[in-house]
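Let's take a friendly walk through a protein model. Have the sequence and the 3D view ready, and follow along as we go.

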Amino acid sequence: MLGIFLDQETTGLDCNRHCVLEIAFRVIDLANGEEKIRYSQVITHSPEIWEKRDPISITINRFTWEEVQVGKSESEVSKEVKACFKTVGIQRGKSVFICQNPSFDRAFFAKLIDPYTQEKLFWPYHWLDFASMYWALEIEKCKRSGGLIPDELKLSKDTIAQALKLPGEARPHRAMQGVDHLILCYRTAVGFPEEV
């Protein structure tokens, strides 16, 4: 089984108004942790799209207009992502997407490669949520120890990392940094069973 660990930086939170600025993923064999392929690319946009950016989102990722201008077009990135997935044999039942916030990432990813194309290519439609994985592990730990389910459990990737005694994600947020941090958290919390 392959895991597509994916992250994106965007011009804002609303997929109907905002666009992807950067996409990154690493495809990992979930049995042994072996990387099959990695991809990272900034996406260029028109001045009109850039003008609609959300200032708070840009404060987090700190993208500049100059950086956006040296990216590739959405159509080029779409072709490259399809080629990467074809190279490693991404298909439903044999691979899953793994994200920190799949409802966000899936909506923006669909702007690059529409759902009908994803269906035609028989890509996975399961987008797994790392925070939910961590939640399930914590609840299982409570059940095994006879403890109570906590009244509060913070589930941001940085608070999960802190609980796992790992560093937080580097700042400013960039897509491949997010992917690398997600894999570090996943490796520590869930693990790759056959990893040497």
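This report visits a strand, the nonpolar cores, some aromatic rings and two further side chains.

## A strand on the inside

Before we start, keep in mind that this is a predicted model. Our first stop is strand β4, which covers residues 95–99. Is β4 enclosed or open? Five of its five residues are buried, so the strand is largely enclosed by the rest of the structure.

## The neighbours of β4

Which strands pair with β4? One partner is β1 (residues 2–10), which runs parallel to β4 and is joined to it by four bridges.

## Two nonpolar cores

How many residues does the largest nonpolar core have? The count is 25, and the residues with the most contacts inside this core are I23, F25, V81, F85 and F109. Two or more residues come from each of β1, β2 (20–29), β3 (35–42), α4 (74–88), β4 and α5 (102–112). Helix α4 gives the largest share, with five residues.

Leaving aside residues up to four places away in sequence, F25 touches a list of residues including I4, L6, I37, Y39, V81, F85 and M176. There is also a second, separate core of 21 residues, with V96, F130, A161 and V179 among them.

## Rings that pair up

Now for the aromatic rings. To describe a pair of them, we use the distance of the centres and the angle of the planes. Across the whole structure, a search finds twelve aromatic pairs. In one of them, the ring centres of F25 and Y39 are 5.5 Å apart and the planes are at 25 degrees, so the pair is stacked. Because F25 lies in strand β2 and Y39 in strand β3, the pair ties together parts that are 14 residues apart in sequence. Both F25 and Y39 are buried.

F97 and W127 form another pair: with centres 3.8 Å apart and planes at 10 degrees, their rings are stacked too. F97 is in β4 and W127 is in β5, so this pair ties together parts 30 residues apart in sequence. F97 counts as buried because its relative accessibility is 0%. W127, with a relative accessible area of 11%, is buried as well. Ring pairs link F25, Y39, F85, F97, F109, W123 and W127 into a cluster.

## Two more side chains to find

Where does R174 lie? You can find R174 over the face of F63, at 3.9 Å from the ring centre.

Our last stop is T159, which is found in helix α8 (residues 157–163). Its relative accessibility is 24%, so T159 counts as partly exposed. The side chain of T159 reaches the backbone oxygen of K154 at 3.3 Å.

Note on methods. Residues numbered from 1 in each chain as written. Predicted model: local features only at pLDDT ≥ 70, side-chain atom pairs only at ≥ 80, totals over all residues. Heavy atoms only, no water. Buried < 20%, exposed > 50% of the residue type's maximum accessible area, 1.4 Å probe, protein only. Polar contact = N/O pair within 3.5 Å; in protein donor to acceptor, adjacent residues only side chain to side chain. Pairing = 2+ DSSP bridges. Core = buried A, V, L, I, M, F, W, Y, C linked by side-chain atoms within 4.5 Å. Contact = heavy atoms within 4.5 Å. Phe/Tyr/Trp six-rings, centres within 6.5 Å; stacked < 30°, edge-to-face > 60°. Lys NZ or Arg CZ within 6 Å of the ring centre and 35° of its normal.
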